[in-house]
Amino acid sequence: MTDYLLVALALLGVLILGGLGLVVPRLRRRGEPPLPQTEVDTRAEEDLAGPPVEAAESDLSTGVLVEPPVVAAPPLEVPEPTAGRLVRLRSRLARSQNAFGKGLLGLLARDHLDEDAWEEIEDSLITADVGIDATRDIVDRLRERTRVLGTRSAGELRDLLAAELVTALDPGLDRSLRTTGRDGMPAVLLVVGVNGAGKTTTCGKIARVLVADGRSVTLGAADTFRAAAADQLETWGGRVGAETVRGAEGADPASVAFDAVRRGIDAGTDTVLIDTAGRLQNKIGLMDELGKVKRVVEKHGPIDETLLILDATTGQNGLEQARVFTEVVNVTGVVLTKLDGTAKGGIVIAVQRKLGIPVKLVGLGEGADDLAPFDPAQFVDALLGTEPLARDA
Ligand SMILES: Nc1nc2c(ncn2[C@@H]2O[C@H](COP(=O)(O)OP(=O)(O)OP(=O)(O)O)[C@@H](O)[C@H]2O)c(=O)[nH]1
């Protein structure tokens, strides 16, 4: 009888311990944060299958340790520092603007600056796309100062011309990029412009500039018109470890832009860069689409910077297109691309004067780091092929 009692008690003990073993892990798991859906699915499968078999670490039949295969992540690129880029890229600018600078300096070096010479100087500036109004201002001021100062030497004239060109470029304008967010939110940059101007390339280059400066970046591929544009952007981002948010081909650009900012907020990135499409048949369509992108993105908060990408080789025509964009979105800065491929560097002056918006960056080639912060004095030096202004002839 006592034996039966002991056996019954032992069985009861085993049952109680077994029951606790089943309950305790469930209680522990209840305190864990919810898992994303994909992870929940994986966990459910794991639970069904029991603990994972660590076959990768040891071969059970032989007892010999087997190394797990190493999958190497593609190496991230280290972009060039941004400081002094315009000086480093000076030769690109000097090469394309050589005729313009040399021509002007040749004219100023003449023994006698008569009416014809001044007219030729005007023509050179207009040919270089400086624009008629700006050219008149520059030449009038140069003539006046030459007369008052009695300036004669070629060196002095060159310095006066350089000073006038710098003045025409409005060196006091704020050209900094607003890439720092507020209240824990990322800064949001919207990139707009007509197709082929270099929007996607410039987004990629800006991402590199930001990464080089220690920022984290999320890219938004809101150019859903051209499928390759999203691939192109993703490739740029992947090279420096920036994530790209994209939608299906033909998806609503505004919703992709919205998702990109959402992702940037969730991931805690410093800057979200949104690439848009410019391929619209008419002004109304452009207004509707860009206006919607702007409105939808602003549900998260204000847009910090809207950059208009302009192809420098399109000259005065580009200015007309630019005006349409400035009517739709609040453009805060211009990026002039392809300045390496035109002798019409004067377009920088015309753009700022016509649009009243600072040129903040210039594209000087197709290379990944061929984008430079714009600096009026360095630009004029490169344009004229002269030494820095402070140095006298
Ligand atoms: N030489 C030179 N080429 C440039 C520069 N910037 C962009 N490009 C080239 O211009 C071409 C068009 O650039 P994209 O970035 O695809 O232009 P996009 O505005 O995004 O074009 P869509 O997506 O069709 O709207 C590419 O071949 C670029 O390599 C530059 O500063 N210099």
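**Helix packing, sheet order and ligand shell**

Helix H12 passes helix H13 in a right-handed crossing, where right-handed means that the near helix is turned clockwise from the far one by less than a right angle, and left-handed that it is turned anticlockwise. The structure is a predicted model, in which local features need pLDDT of at least 70, side-chain atom pairs count only at pLDDT 80 or more, and totals for chains, interfaces and linings use all residues. Residues are numbered from 1 along each chain as its sequence is written. Helices (H or I, at least four residues) and strands (E, at least two) are DSSP runs, numbered from the N terminus.

The axes of H12 and H13 lie 10 Å apart, and the two helices pack at an angle of about 30°. Axes are lines fitted to C-alpha atoms, for helices over the stretch in contact, and angles run from 0 to 180 degrees between N-to-C directions. H12 is therefore roughly parallel to H13 (angles under 35 degrees count as roughly parallel, over 145 as roughly antiparallel, 65 to 115 as roughly perpendicular and the rest as oblique). On the H12 side, Gly315, Leu319, Ala322 and Thr326 meet Ile347, Ala350, Val351, Lys354 and Leu355 of H13; two residues are in contact if their C-beta atoms, placed from the backbone, lie within 7 Å. The residues of this contact divide into 6 nonpolar, 2 polar and 1 charged. Here Ala, Val, Leu, Ile, Met, Phe, Trp, Tyr, Cys and Pro count as nonpolar, Asp, Glu, Lys and Arg as charged, and the others, Gly among them, as polar.

Strand E1 (residues 187-192) pairs with strand E5 (residues 305-311) in the parallel sense over 4 bridges, and Glu305 in E5 is the bridge partner of Leu189.

A second pair of helices consists of H8 and H9 (residues 227-240), whose axes come within 9 Å and cross at roughly 15°. H8 is therefore roughly parallel to H9, and their crossing is right-handed. The contact is made by Thr200, Cys203, Gly204, Ala207, Arg208 and Val211 of H8 and by Ala229, Gln232, Leu233, Trp236, Gly237 and Val240 of H9. By class, it has 7 nonpolar, 4 polar and 1 charged residues.

Arg158, Ala162, Leu165 and Val166 of H7 make the contact with Pro376, Ala377, Val380 and Leu384 of H14. This contact has 7 nonpolar, no polar and 1 charged residues.

The ligand is surrounded by 23 residues, of which Asn195, Gly198, Thr200, Thr201 and Gly363 are the closest; a residue is near a molecule or strand if its C-beta atom, placed from the backbone, lies within 6 Å of it. H8 (residues 199-212) gives the most to this shell, with 3 residues. The shell divides into 4 nonpolar, 11 polar and 8 charged residues.

Terms used
Two strands pair if DSSP finds at least two bridges between them.
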